[in-house]
Amino acid sequence: MKTKIGILYSTVDGQTLKICNVIKEVLVKKGNTVELYSIDDFDKKIADYDKFIIGSSIRYGKHNAKIIEFINNHKAELDNTQNAFFSVNLVARKPEKATPETNPYFIKFLETINWIPNKSAVFAGKLDYQKYPFFDKLMIQLIMWMTKGPTNSKTKIEYTDWDKVKEFAVLLNNM
């Protein structure tokens, strides 16, 4: 029997969706049925799935409010299904901040919800200043300056470790 997996995501600039698609690709190759939904389009029941994965990016230090609300409203259903959560943020570009135990945004996220995922991961995102609106560009440059990251407005760097993403997908397949 095929395992049916739901993936729910929130993305600002598209990197979380890109990560979800790599996870989906790995899981489908392993023989699973995978359905992918934006937080804005999900109208199913978690109980329809054998496993349920949630991915969310960070903007200005916070995960999407709709993801937090979804988790808080569906905690019992999540707890009754094999589940996972992953966070995508630029702080994770630093190896010492690239795990759920060491990433400040992930730690803060767990404090805002009443749920502990069965499996979790943190992935570094993508920095592309030219893609951001003016205000976002300034704010991200300030954050990067404070965290000793690149501030040149022409910078475009994909920090995502795709091997780590694929390893997480295999872990999800085996849970």
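What is the volume of the largest pocket? In this predicted model, the largest pocket has a volume of about 450 Å³. Its lining is made up of 27 residues, and those that lie nearest the pocket centre are D13, I58, L90, K126 and Y132. Two or more lining residues come from each of the helices α1 (15-29) and α5 (134-146) and from each of the strands β3 (51-59), β5 (82-89) and β7 (126-128). By class, the lining of the largest pocket comprises eleven nonpolar, nine polar and seven charged residues.

Helix α1, one of the elements that contribute to this lining, also packs against α6 (residues 162-174), with the two axes coming within 9 Å and crossing at roughly 50°. The crossing of α1 past α6 is right-handed.

On the α1 side, the contact is formed by Q15, K18, I19, V22, I23, V26 and L27, which meet W162, V165, K166, F168, A169, V170, L172 and N173 of α6. The residues in this contact between α1 and α6 divide into eleven nonpolar, two polar and two charged.

Definitions and conventions:
Residues numbered from 1 in each chain as written. Predicted model: local features only at pLDDT ≥ 70, side-chain atom pairs only at ≥ 80, totals over all residues. Heavy atoms only, no water. 1 Å grid on protein atoms, 1.4 Å probe; cavity = no way out; pocket = protein on both sides within 12 Å on 5 of 7 lines; lining within 4 Å. Points joined across faces, edges and corners; volume = space filled by probe spheres on them. Helix = DSSP H or I, 4+ residues; strand = E, 2+ residues; numbered from the N terminus. Nonpolar A, V, L, I, M, F, W, Y, C, P; charged D, E, K, R; others polar. Axes fitted to C-alpha atoms, helices over the stretch in contact; angles between N-to-C directions. Left-handed = near helix turned anticlockwise from the far one by under 90°. Contact = heavy atoms within 4.5 Å.
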